[in-house]
Amino acid sequence: MCLIMSRIRNSVLILFLFLSTDFIFPKTITVGKNEKIKSIKQALALCEDGDVIRITGGFYPESNLVVTKQISLLGIDLPTISGSRKERILTVRANNVAVSGIHFADAGASFVKDNAAVKLDSVTGCAIENNEFSNNFFGIYLGKSWNCKIRNNKIIASQKAQTYSGNGIHLWYCKNIIIEGNTIDGHRDGIYLEFVRRSLIKNNFSTRNLRYGLHFMFSDSCEYSHNTFQHNSAGVAVMFTHHVQMHSNLFINNWGGASFGLLLKEITDGKIYNNKFVRNTCGIYLEGSNRNIVEHNLFENNGWAIRLMANSMDNNFMKNNFVGNSFEVTTNNTRNYNTFANNYWSDYQGYDLNKDGIGETPHHPVKLFSLLVEKNRPTLLLLRSFFVELLNTAEKVFPVLTPETLVDKYPEMSFIK
Amino acid sequence: MNALKSIIKYQVHDTFRSKWLVVYTLFFVVLSYGLLSFTNDSNKVILSLLNINMIVIPLTSLIFGTIYLYNNRDYIILILSQPINRKTLFVGLYLGLSVPMVLSFLLGTGLPILIYIRNFKEAGTVLLNLFVGGVFETFIFVSVSFLIATMNENKMKGLGLAIFLWLFFTALYDGLILITLQVLREYPLEIPSIIFTILNPIDLSRLLVILRFDISALMGYTGAVFNQFLGSGFGMIVSIISLAVWCVVPLFFGLKTFSRKDF
């Protein structure tokens, strides 16, 4: 009896659902010059949950747009929405909103407000895909949002000064975000993460940013892989974070007086593998970073491959290739609590008598001159001078000042594939 | 003028006939060809050639120069019995030695590089700086060696002095710079260190090469100052003048001693 009653109740419910057509059959609202609805603001006022707003090609000088319904914004033939260099453009305050195929331009720079082209404010399940952004203060800004996807966007800005420039993709207090396949060019930080958890940053191309290509703060358990960071004025910085996975990235040409390929500050239990560091002023800089695993990376033609500050401990450097760097490793201390093993060093001068592929004599990657340079930068003037080579050789024979324990006891004889 | 021409002609002939110049040229050929066939990386090759510039050229120029004057003593005395100006003779001897040495350096390193020229597409200016450095160093150290040989009758003393000067310019001078930079590190030493380097031709030609691709970014502020100075037209002119002064001044004093010398 009870079973029959509940069946009847269910069918009545289903019938009701079919009757409320508004919910089941969402409308499509088309915005355009030749359509009934001319402005996006109008369309946003009319829409209900589940609607699709199609924006046809054209120029829409509209700012301060707010989405409060669960809708899709779809651009046809790449319409341009412009903030006219004054205001923010689109703010999303509803869950499950999709934005794609739209060109956002000229969100205005401000010293008071974080004006963004697209801002997600405390939402979940949103997707920002296949859009273009040009000359915005902030490109895409996510605050307190979960489970969102930011994919295949092209975000380009051309400001000269950091103060007039915001970040390309900015995340603040977010969880489970996927940032994939974006190109970010010329912002302050390409991608900026603060208080973010369990997010994935993959296949992005971040270049010519005024500060960092990727900037990580207090963002535990995130992963970034297969990204390229090129020509950023200060490279990539990862700070105050634990359990970060960084792999298969390319750090290239981050070259300048205060540039780093990868700057690690207060990073613990991270894993850095299969990355390539090519032609950076400094490949990896570690400060206050402990228990990280650095393996199978390539360091090629950098000024410094690794700068390991004395307050970093228990890091493992294994199976890396060091090729043609001006300095392989430097440190500012005579003690060392890190492990180097089984790396290939192109500066290694030892021999392999038993032909097992591992050199018999240990390799000291820290030279006396690198120690001098670390403490007194102008002495770099004497780089590659005959005298300096003599000093290095003398120190190698009788180590006095260089850390005796910073040594690779099992250096590989050939390039590790 | 005619006398100068025929002296140079005879000396160049004489130098080319002797075996050591052939060996000198072959040394450059083998070394640079070997380097080039080992690696495709033009930067590595340039840095190794830079070491030759800094060590081999000054040493050989100094030693050959002194030995050359000592060995040609009889010939000099013979020529001086003729109505020939001493100045002409001295300059003739100088050019007769330094020009073949420069040619052998250019030929020895230049030919292998020409064969592998496609590796050096982006390294044009660095290569030019390298060659300018090598040519100047030959002229400079031959002229220094002539000064040494004319001032010292004693062969052993002259040779010893030549070797000491080589050691001084390649190593000790840099040691002094290092000590100065360490002791006075609290002070801004950018300008003094530019002056230091310009005063030593070996340091100057080394810096002209490595500033192009190695250290400017690593040095931060100091590097920027150096790059600004040595990379500018004015800096280039000052460097060239400094190198030229290093050629001319020892030669001038050598000439003075030679003119007054009682053989």
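**Strands, domains and chain contacts**

Modeller: Strand 7 (residues 90-92) of chain A runs parallel to strand 10 of chain A, and three bridges join them. Strands here are DSSP runs of E with at least two residues, helices are runs of H or I with at least four, and both are numbered from the N terminus. Two strands pair if DSSP finds at least two bridges between them.

Biologist: And what are we looking at, where do the numbers come from?

Modeller: This is a predicted model, where local features need pLDDT of at least 70 and side-chain atom pairs count only at pLDDT 80 or more, while totals for chains, interfaces and linings use all residues. Residues are numbered from 1 along each chain as its sequence is written, with chains lettered from A and ligands numbered from 1 in the order in which they are written.

Biologist: Ok, back to that pair. Which residue stands opposite A:L90 in strand 10 of chain A?

Modeller: That's A:V118. On to the next pairing: strand 10 of chain A is joined to strand 13 (residues 138-143) of chain A by five bridges, and these two run parallel. There A:L120 stands opposite A:L142.

Biologist: Why is strand 10 of chain A largely enclosed by the rest of the structure?

Modeller: Five of the six residues of strand 10 (residues 116-121) of chain A are buried, so the rest of the structure largely encloses it. Buried means 20 or more other C-beta atoms within 10 Å of the residue's own; 12 or fewer is exposed, in between is partly exposed, and C-beta atoms are placed from the backbone.

Biologist: What order do the strands take in the open sheet?

Modeller: The order is 4-7-10-13-16-19-22-25-28-31-34-37 in chain A, which makes 12 strands with parallel pairing. Strand 4 (65-67) and strand 37 (327-331) of chain A are at the edges with a single partner strand each, so one side of each has no neighbour in the sheet. From one strand to the next the twist averages 10 degrees, with axes being lines fitted to C-alpha atoms (for helices over the stretch in contact) and angles running from 0 to 180 degrees between N-to-C directions.

Biologist: How many bridges are there between strand 22 and strand 25 of chain A?

Modeller: Four, in the parallel sense, between strand 22 (residues 214-217) and strand 25 (residues 236-242) of chain A. A:M217 stands opposite A:M239 there.

Biologist: Zooming out, what are the totals for chain A?

Modeller: Chain A has five helices and 39 strands. The C-alpha trace spans about 90 × 65 × 35 Å along its principal axes, and 44% of the 417 residues of chain A count as buried.

Biologist: What domains does the assignment give for chain A?

Modeller: Domain 1 (26-233) and domain 2 (242-417), with bounds from an automatic or database domain assignment. Their centres, taken over C-alpha atoms, are 39 Å apart. 14 residues of domain 1 of chain A are in contact with 15 residues of domain 2 of chain A, where contact means C-beta atoms, placed from the backbone, within 7 Å.

Biologist: Switching topic: how many residues of chain B are in contact with chain A?

Modeller: 28 residues of chain B, against 22 residues of chain A. Helix 7 of chain B gives the most to that side of chain B, with eight residues.

Biologist: Last one: at what angle do helix 1 and helix 5 of chain B pack?

Modeller: About 35 degrees for helix 1 (residues 2-17) and helix 5 (residues 86-115) of chain B, with their axes 8 Å apart. That contact has 13 nonpolar, five polar and no charged residues; Ala, Val, Leu, Ile, Met, Phe, Trp, Tyr, Cys and Pro count as nonpolar, Asp, Glu, Lys and Arg as charged, and the others, Gly among them, as polar.

Notes. Two residues are in contact if their C-beta atoms, placed from the backbone, lie within 7 Å.
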